[in-house]
Amino acid sequence: MRRALAAVTIMGKCAERVLPHGEKTMNREMDMAEVSDGKLYGLDDMVKADCAGCEGCHACCTGMGTSVVLDPFDAYRMTAGTGKTFEALLAGPLELNVVDGIIAAAHTLHSEEYLKINRPILAMDKDFNGQIPLVHSDHKKGGALAAEAVIKAGCRNVLQFTTSSKVTTPANQRHIVFEEICTKHGIRVRTVETNWNLFSHEHFRRYMQKEMGKYPDVDGIFTADIPAIACMNVLKQRGYKIPQDVKIIGYDGLDVIYMTDPPLTSVSQDIEKLAKCCVDTIIQIIEGKEYESHQVIDVGFVQGKSI
């Protein structure tokens, strides 16, 4: 902002606007003459840009209710600045106005911090050793379905990419069951553990470019949908044919599997049912009603053309 504009001091000249649902927002009613000293600054110039201490105005922070939304980068900056985990901030100094309850997702390492939170809480695919109610897919069945697929396809040397073992999640059961069944049928399974909490397409593209060159004899791959697609793309770039040379089976059943070439075969989680189960259960906990402490949702199988 300060590099793009010739502004030195931005005065808090704001006007409130009431939205249809009653919350307030604000419009800035000003022109450049009000916020600029008329000088142009370069990329390396240090420019003071502030709100003049909100002098004579507090409209920005009055009556805003719960309209402040934190994105992942905000959370990162808070944890980096305080030296605390986000879970520790939730449990103590950070007031997030969590009135009703929390649904904790799988990819968190700091389980002990969640156990300190004195609010209704539910875990989705995250195992807190029975201390927090749990909802997850039937990952054991999912692993068995994937194993049956590679056995039927005639694979002999299979590579599976798993999430970090640091994450205590029932989702790891699919890889355990997959390897057990494949091994019983004489199929060699090698397991590669991926980095924790990195999910971007670019990350998996670079990661698979590095990893796939280490296993030239692989004829089958089992992993989540996004890294499976990354594997498919890397192998095709290297001249492999899918599924003639390498069979690939994903896990999750995301919509993107229908847009790959060939369409990706995948074990599908019932995302809608998982979401409904989580919401229904956290409401039951909040309202003090009876609820199931451990709920397992069925999985399905989407037959594509990658295996």
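Predicted model: local features only at pLDDT ≥ 70, side-chain atom pairs only at ≥ 80, totals over all residues.
Let's start on the outside: Ile103, Val279 and Ile283 form a nonpolar surface patch with about 230 Å² of accessible area together. A patch here takes residues with over 30% relative accessible area and no salt bridge, joining like charges within 9 Å and nonpolar side chains (Val, Leu, Ile, Met, Phe, Trp, Tyr) within 5 Å. The areas are Shrake-Rupley values with a 1.4 Å probe, and for residues only the protein chains shown count as cover. Of that trio, isoleucine 283 sits in helix α9, residues 271–286, and is partly exposed at 39% relative accessible area. For the wording: buried is under 20% relative accessible area, exposed is over 50%, and partly exposed is in between, with a 1.4 Å probe and protein chains only.

Residues are numbered from 1 along each chain as its sequence is written, and side-chain values use heavy atoms, with hydrogens and water left out.

Now the overall picture. The protein chain has nine helices and 12 strands; these are DSSP runs numbered from the N terminus, with helices being H or I of at least four residues and strands E of at least two. Of its 307 residues, 40% are buried. The chain exposes about 17,600 Å², and carbon and sulfur atoms supply 53% of that. Among contacts (heavy atoms within 4.5 Å) with a separation of 6 or more, 66% are between residues 24 or more positions apart.

Buried residues of α5 include His139, Gly142, Gly143, Ala144 and Leu145. What covers the buried residues of this helix? The cover includes α6 along with the strands β5 (134–137), β8 (220–222), β9 (247–252), β10 (265–269) and β12 (299–302). Just after α5, glycine 154 takes a positive phi of about 85 degrees.

Glycine 143 shows the packing up close. This α5 residue is buried, at 0% relative accessible area. Leaving aside neighbours within four places in sequence, glycine 143 contacts Arg174, Val177, Phe178 and Tyr251.

On the other hand, lysine 141 is partly exposed, with a relative accessible area of 33%. Its side chain meets that of aspartate 298 in a salt bridge, 2.9 Å from N to O. Lysine 141 lies in α5 and aspartate 298 in the loop between β11 (294–297) and β12, so the pair ties together parts 157 residues apart in sequence. The rule for a salt bridge is a side-chain nitrogen of Lys or Arg within 4 Å of a carboxyl oxygen of Asp or Glu, and the count comes to seven.

Glutamate 211 takes part in salt bridges too. Its partners include lysine 210, with the closest N and O atoms 4.0 Å apart, and lysine 214, at 3.1 Å. Glutamate 211 is buried at 6%, whereas lysine 214 is partly exposed at 48% relative accessibility. Elsewhere, salt bridges that share partners join Arg188, Arg190 and Asp217 into one network.

That leaves the nonpolar interior. A nonpolar core is a set of buried Ala, Val, Leu, Ile, Met, Phe, Trp, Tyr and Cys residues joined through side-chain atoms within 4.5 Å. The largest has 24 residues, and those with the most contacts inside it are Phe161, Met208, Met212, Ile221 and Ile248. The elements giving it two or more residues are β6, α7 (201–211) and α8 (225–237), with the largest share, eight residues, coming from α8. Methionine 212 has contacts beyond its neighbours within four places in sequence, including Leu159, Phe161, Ile221 and Cys231. Apart from this core lies another, of 17 residues, among them Cys155, Val158, Phe178 and Tyr251.
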